[in-house]
Amino acid sequence: MIYVVDVNQMSFAFMAGSERHASEIAGSPGFVQALDRFFLDRQGSKASDHRPRAATVQELALFNDMSSEFADATADVLVARVG
């Protein structure tokens, strides 16, 4: 299933096997650090305060488009900005 974390009026989607797994990913130091780097020149992400939610149909479509584009990527988790 595709889950979304909303941070600073932006939405970031990723795949997880369950809501519990999505929460573990969203709260992991690597995930939080990646979002912090993304927002480095902005006001900060505060990503650890946000819970993942199920993606909407539109977010799911955007994520699927992005994931097909990066199908050969070797990353463990693909995080795509969907909003």
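Author: First, a term: accessible areas here come from the Shrake-Rupley method with a 1.4 Å probe, and for residues only the protein chains shown count as cover. The protein exposes about 5,600 Å². Carbon and sulfur atoms supply 51% of that area.

Reader: What kind of model is it?

Author: This is a predicted model, where local features need pLDDT of at least 70, side-chain atom pairs count only at pLDDT 80 or more, and totals for chains, interfaces and linings use all residues. Residues are numbered from 1 along each chain as its sequence is written, and side-chain values use heavy atoms, with hydrogens and water left out.

Reader: How many helices and strands are there?

Author: Three helices and four strands. These are DSSP runs, numbered from the N terminus: helices are H or I with at least four residues, strands are E with at least two. Along the sequence the pattern reads β-β-α-α-β-α-β.

Reader: In what order do the strands sit in the sheet?

Author: The order is β3-β1-β2-β4, in an open sheet with antiparallel pairing. Two strands pair if DSSP finds at least two bridges between them. The edge strands are β3 (53-54) and β4, and each pairs on one side only.

Reader: How many bridges join β1 to β2?

Author: Six, and the two strands run antiparallel. Isoleucine 2 has methionine 15 of β2 as its bridge partner. Valine 7 is partnered by methionine 10, also in β2. Two residues lie between the strands of this hairpin, and asparagine 8 takes a positive phi near 50 degrees there.

Reader: And what stands opposite tyrosine 3 and valine 4?

Author: Alanine 54 in β3 faces tyrosine 3. Arginine 53, also in β3, faces valine 4. β1 and β3 are joined by two bridges and run antiparallel.

Reader: Other side now. How many bridges pair β2 with β4?

Author: Two bridges, in the antiparallel sense; β4 covers residues 80-81. Arginine 81 in β4 stands opposite phenylalanine 12.

Reader: New topic. How much of the protein counts as buried?

Author: 30% of its 83 residues. Buried means under 20% relative accessible area, exposed means over 50%, and partly exposed is in between (1.4 Å probe, protein chains only). β1 is mostly covered, with five of its six residues buried. β2 is mostly covered too, with five of six buried.

Reader: Which residues have the most contacts inside the largest nonpolar core?

Author: Val5, Val7, Phe12, Phe14, Ala16 and Phe31, in a core of 13 residues. A nonpolar core is a set of buried Ala, Val, Leu, Ile, Met, Phe, Trp, Tyr and Cys residues joined through side-chain atoms within 4.5 Å. Apart from it lies another core, of six residues, including Ile2, Ala13, Ala80 and Val82.

Reader: How many aromatic pairs does a search of the whole structure find?

Author: One. Rings of Phe, Tyr and Trp (its six-membered ring) pair if their centres lie within 6.5 Å; planes under 30 degrees apart are stacked, over 60 edge-to-face, and the rest tilted. Here phenylalanine 14 and phenylalanine 31 have ring centres 5.3 Å apart and planes at 65 degrees, so the pair is edge-to-face. Phenylalanine 14 is in strand β2 and phenylalanine 31 in helix α2, 17 residues apart.

Reader: Which residues are buried in α1?

Author: Ala22, Ile25 and Ala26. They are on the same side of α1, because they cover an arc of only 95 degrees around the axis. That arc is taken from the directions from the helix axis to the C-beta atoms.

Reader: What covers them?

Author: The cover of the buried residues of α1 includes β1, β2 and α2.

Key: Contact = heavy atoms within 4.5 Å.
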